[in-house]
Amino acid sequence: MARRVAGEHHRGHNRDDEFLPGGRVTAAVEVADLVKHYPKSTHNAVDGLSFRVERGEIFGLLGPNGAGKTTTVGILTTRIVLTAGTATIGGVDVARDPVAARSKVAVVPQRVNLDRSLNARQNLLFHASYHGIGRSERRALATRLMERMGLADKSKARIDDLSGGQAQRLMIARALIHRPEVLFLDEPSTGLDPQARLFVHDRVNDLRSEGVTVVLTTHDMEEAEKLSDRVGVVDHGRMLTVDTPTALIRSLPGSGTIDARVRPNGFDSEKVTGLLSDIPGVQRVETPGGSDAPEEAAPETELRLYVDCEPGSLLGPVAAKLHDNDITVSDLSLGSASLEDVFIELTGRDLR
Amino acid sequence: MSGTTQSSIRAFWAVLGRDVFVTGREMPSFLAQVLVQPVALLFIFGKVLGQLGYTQPGYAQILLPGMIALNSFLVALQNTSFPLVLDFSFSREIEDRLLAPLPITWVAVEKMLFGALRGLFAALLMFPIGLLMLGNVAWDLSGLPFAVLCMVLGSLVGGTVGLTVGAAVPPRRINIMFAVILAPLIFTGASQFPWAQLDQLRWFQIVCAFNPLTYVSEGMRGALLPDVPHMAPWVCLLALLGACVIFGALGIKFFLRRALD
């Protein structure tokens, strides 16, 4: 997958308000030491969270359920009142001036919250009017956005008659009609079919070229890796790490992998694992298929070797070691770690 | 005026415009919702029972101002509270308004104001219907301005009570809202009887005094039918203004609690 370097994306905007007196560029989103404590809760939902999203950047906010992502987005979109710390959108403090902040953000929620008393196009028109966009302008914008979101023939449709994907696209159109500086996308492709998912991904990429900042929260690691310029991994209300997906994957101990399928020929799989772990460069060996399966039921064992060097250079030694021990190899291939591995490494395997 | 205030005012009108637009589209169902019940009450108690000889002549005269009052207060209350309960639970439609560039308090005020407008509209409709149904109405027209004032205040109080109830009642309790809130309000609001004549039923008179609707009914009846025993107009005015302030504040407080975490 082609990946851009982080510095490439700061394009677009060149307005005066981008610069603070010190010459520092105003971030699209700046969160510092953010704390949210819900009454009746024993711990902080957000617990000293800090991060910064540059203008025009697509930022992925990842984390297990209950990590504090939704609360953070809620605070940034002025729906949740922060307990301590600061959160700003384009330099506007969301706690001090929520009304001004609201004109700078847009939210595409996970659940459909379109206005069912209005048809598809009216949803866009009224939303635009709340944001003070003049009549002729909002009509033109609505037409353009409906077309762009593939909804041109749905303008008179009732909300209840739209499919999940269509409702999602309409919510994106609605979010964009008041030209927000920052767009918050909550789980943008949950429940969408692959076509709709790709369509949404393409539209998000379009936004990048238009200089709209996007903050997306997702569990879908593939999606986060594909769309985000940088991702932040949140757990227990704290930011664990922030970097480009490539850098995060590279930073993972044993980021390269070798997948092997072997017939142990009498060795138990622990012994095989032990043999392979001894090869220099191999960090650890896992058996994704489960190591405790009885031999006769699973004559072939799948192994994944996590290595801390170029995985290709270890193919020879691995094959030789297995051969020396009379273990039949039926498949040996190179793999690379994914963002999911990073995620699991950082947040653990426990169910939430 | 700052730019933010200006955009908030614009957003306020746009949000109100949305509600008016939607009402316009749903006019038939809105009319059915606001007219069937009071018209039926007026017909049975004012017309049928009278013709059968079970009510005294003149009872219909007492009933009509009460029905107008009932509509102003109750329609405003229902039209503020029901949509709100739904909005805050399953439809979540209100989120779009909560993310519009205006203070959340203004959204609450808009909801009240719009409910009041619907109540006022429903009350106004009762005038021609009542005249048509009862034939002759012996009103003292010099009291009309005060009666209209009571009607307007009644709608506003209905809106504020509706906001309070709508923001306080959890969605799973919506069905008991009818039984424990609406029904008692309908029958303790002096809209079917003059409150001042309840001295034989003191406990009920005291109960009725807690219902804001009593002051709308009494104010309107006293102004239009000065010969029927009634509460002093200044008491009605003061009570309605007081209820507006108390329930308005309470409603906004509950609304903010629901809208913000």
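**Figure 1. Residues 29-258 of chain B have end C-alpha atoms 28 Å apart, with 77% helix and 0% strand in the span.** Helices (H or I, at least four residues) and strands (E, at least two) are DSSP runs, numbered from the N terminus. The model is predicted, with local features needing pLDDT of at least 70, side-chain atom pairs counting only at pLDDT 80 or more, and totals for chains, interfaces and linings using all residues; side-chain values use heavy atoms, leaving out hydrogens and water. Residues are numbered from 1 along each chain as its sequence is written, while chains are lettered from A and ligands numbered from 1 in the order in which they are written. An unreviewed UniProt entry gives residues 29-258 of chain B the feature "domain: ABC transmembrane type-2"; positions follow the numbering used here, feature names are shortened, and annotations may be inferred rather than shown by experiment.

**Figure 2. Spans of chain B carry the UniProt annotation "transmembrane region".** The unreviewed entry assigns this annotation to residues 121-139, 145-169, 176-195 and 231-256 of chain B. Among them, residues 145-169 of chain B are 96% helix and 0% strand, and their end C-alpha atoms lie 36 Å apart. For residues 231-256 of chain B, the separation of the end C-alpha atoms is 36 Å, with 92% helix and 0% strand in the span.

Figure 3. Closest to its centre, among the 33 residues that line the largest pocket, are Thr77(A), Arg79(A), Val107(A), Pro109(A) and Glu95(B). On a 1 Å grid over the protein atoms alone, a pocket is an open set of points where a 1.4 Å probe fits, with protein on both sides within 12 Å along at least five of seven lines; lining residues have an atom within 4 Å of a point. Points are joined across faces, edges and corners, and volume is the space filled by probe spheres set on them. Chain A contributes at least two lining residues from each of α1 (69-76), β6 (105-108) and α5 (164-176), as chain B does from each of α4 (95-98) and α10 (233-259). With five residues, α1(A) provides the largest share of the lining of the largest pocket.

**Figure 4. The second largest pocket has a volume of about 560 Å³.** Its lining comprises 25 residues, of which Ser117(A), Arg18(B), Glu26(B), Pro83(B) and Arg118(B) are the closest to the centre. Two or more residues of this lining come from each of α1 (3-25), α2 (27-52), α3 (59-91) and α5 (104-134) of chain B. The most is given by α3(B), with ten residues in the lining of the second largest pocket.

**Figure 5. An open sheet of chain A is formed by four antiparallel strands in the order β2-β1-β4-β5.** The edge positions belong to β2 (46-53) and β5 (92-93) of chain A; each has a single partner strand, so one side of each lacks a neighbour in the sheet. Strands pair if DSSP finds at least two bridges between them. Strand β4 (residues 84-89) of chain A is joined to β5(A) by two bridges in an antiparallel arrangement. Thr88(A) has Asp93(A) in β5(A) as its bridge partner. Helix α1(A) lies across β1 (29-36), β2 and β4 of chain A, at about 120 degrees to β1(A). Angles run from 0 to 180 degrees between N-to-C directions of axes fitted to C-alpha atoms, for helices over the stretch in contact, where contact means heavy atoms within 4.5 Å.

**Figure 6. Strands β9 (residues 230-235) and β10 of chain A run antiparallel and are joined by five bridges.** Val242(A) in β10(A) is the residue opposite Gly232(A). Likewise, Asp243(A) in β10(A) lies opposite Val231(A). Two residues separate the strands of the hairpin of β9(A) and β10(A), in which His236(A) adopts a positive phi near 50 degrees.
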